[in-house]
Amino acid sequence: MTLAPPAHERGITTLTLDSPANRNALSAELVAALTGALDACAADEDTRAVLLTHTGNTFCAGADLKAPADPHAFVALMRRIITLPKPVVARVTGHVRAGGLGLLGCCDISVAGPGSSFALTESRLGLAPAVISLPLLPRLDPRAAARYYLTGERFDAAEAARAGLVSIAADDVDTALVPVLDGLRRASPQGLAASKELVTATVRETFDQYAEDLIARSAALFASDEAREGMTAFLERRDPAWLL
């Protein structure tokens with residue numbers, strides 16, 4: 001199982017990433033399951049908004065290096081979140097790495113707790129945050145993006161909020177979510193859909209303009225000798241050959 005059964009409470013449908021064996025990594029199975037669940041939410045008149053959360057201490061570890069999703073499928077999942085006519089809210093109480101930041105960056109509102117941490121680790125594997133740039137670069141502080149894209153450093157929820165990756169850094173995530181979810185319940189479906197179109201316009205334009213180019217870049221990087229060394233070193237828990 002990669003997703004827990006959906007839960008419904010007063011217009012909020014909760015989707016829970018539940019693949020602890022690989023730290024909720026973006027496998028082909030998880031990407032397909034989440035895309036299907038979002039399609040169901042779009043068609044459900046009783047769903048006013050979606051709450052995306054996770055089991056375990058990791059929200060999403062990024063690409064599953066052993067069973068990766070096709071980049072077209074992952075881009076389609078990110079686009080589905082962006083274009084869903086209902087808000088998607090992320091509840092993060094664990095770690096987020098690499099492609100997981102792209103998943104998070106697509107969400108309309110996000111709340112992260114003190115146990116969360118974030119890192120764009122692609123450069124350390126001989127890769128780059130290619131397709132996840134589609135939602136991230138329009139929303140991240142440019143200086144923060146440059147630093148964390150290049151260095152792969154880990155940062156906390158407060159820095160994630162300052163940089164524009166998350167909406168709220170909170171000591172108590174569920175308490176912080178109360179006014180957010182209450183506000184969404186008070187909004188009309190039409191009002192939510194029209195408002196979301198406004199705030200996602202730039203990101204949607206970025207997808208339309210750059211998605212195919214970034215998919216090609218990602219594929220070329222994954223097929224490179226340097227990336228093979230980086231991913232092998234990661235899986236073998238050793239330093240890559242280029243480490244100084």
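Ground rules first. The model is predicted, so local features need pLDDT of at least 70, side-chain atom pairs count only at pLDDT 80 or more, and totals for chains, interfaces and linings use all residues. Residues are numbered from 1 along each chain as its sequence is written, and side-chain values use heavy atoms, with hydrogens and water left out.

Terms next. Helices (H or I, at least four residues) and strands (E, at least two) are DSSP runs, numbered from the N terminus. Two strands pair if DSSP finds at least two bridges between them.

Four strands form an open sheet in the order 4-6-8-9, and the pairing is mixed. Which strands stand at the edges? Strand 4 (58–60) and strand 9 (154–156) do. Each has a single partner strand, so one side of each is left without a neighbour in the sheet. From one strand to the next, the twist averages 25°. Angles here run from 0 to 180 degrees between N-to-C directions, with axes as lines fitted to C-alpha atoms, for helices over the stretch in contact.

Now inside that sheet. Strand 6 (residues 95–97) and strand 8 (residues 117–119) run parallel, joined by three bridges. Arginine 97 has alanine 119 of strand 8 as its bridge partner. Helix 3 (residues 99–106) lies across strand 4, strand 6, strand 8 and strand 9. Its direction is about 105° to strand 6.

Other strand pairs. Strand 5 (residues 88–92) and strand 7 (residues 109–112) run parallel, with four bridges between them. Alanine 90 stands opposite serine 110 in strand 7. Strand 7 also runs parallel to strand 10 (residues 168–169), through two bridges. There, valine 111 has isoleucine 168 as its bridge partner.

On to helix 10. Its buried residues (under 20% relative accessible area; exposed is over 50%, partly exposed in between; 1.4 Å probe, protein chains only) are Ala227, Gly230, Met231 and Ala233. They cover an arc of only 160° around the axis, which puts them on the same side of helix 10. That arc is taken from the directions from the helix axis to the C-beta atoms. These buried residues pack against helix 9 (201–222). Just after helix 10, arginine 237 has a positive phi of about 55°.

Further along sits tryptophan 242, in the segment after helix 10 (225–235). Is tryptophan 242 buried or partly exposed? Partly exposed, at 31% relative accessibility. Leaving out residues up to four places away in sequence, tryptophan 242 touches Arg124, Leu125, Gly126, Glu226, Glu229 and Gly230. Contact means heavy atoms within 4.5 Å. The C-alpha atoms of tryptophan 242 and glycine 230 are 8.9 Å apart, at twelve residues along the chain.

On a 1 Å grid over the protein atoms alone, a cavity is a set of points where a 1.4 Å probe fits but cannot get out. A pocket is an open set with protein on both sides within 12 Å along at least five of seven lines, and lining residues have an atom within 4 Å of a point. Points are joined across faces, edges and corners, and a volume is the space filled by probe spheres set on them.

The largest cavity has a volume of about 40 Å³. Its lining includes Leu101, Tyr148 and Phe155. The largest pocket holds about 1300 Å³. Of its 43 lining residues, Ala61, Ala63, Leu65, Leu125 and Phe234 are the closest to its centre. Helix 2 (71–83), helix 9 and helix 10 each give two or more residues to that lining.
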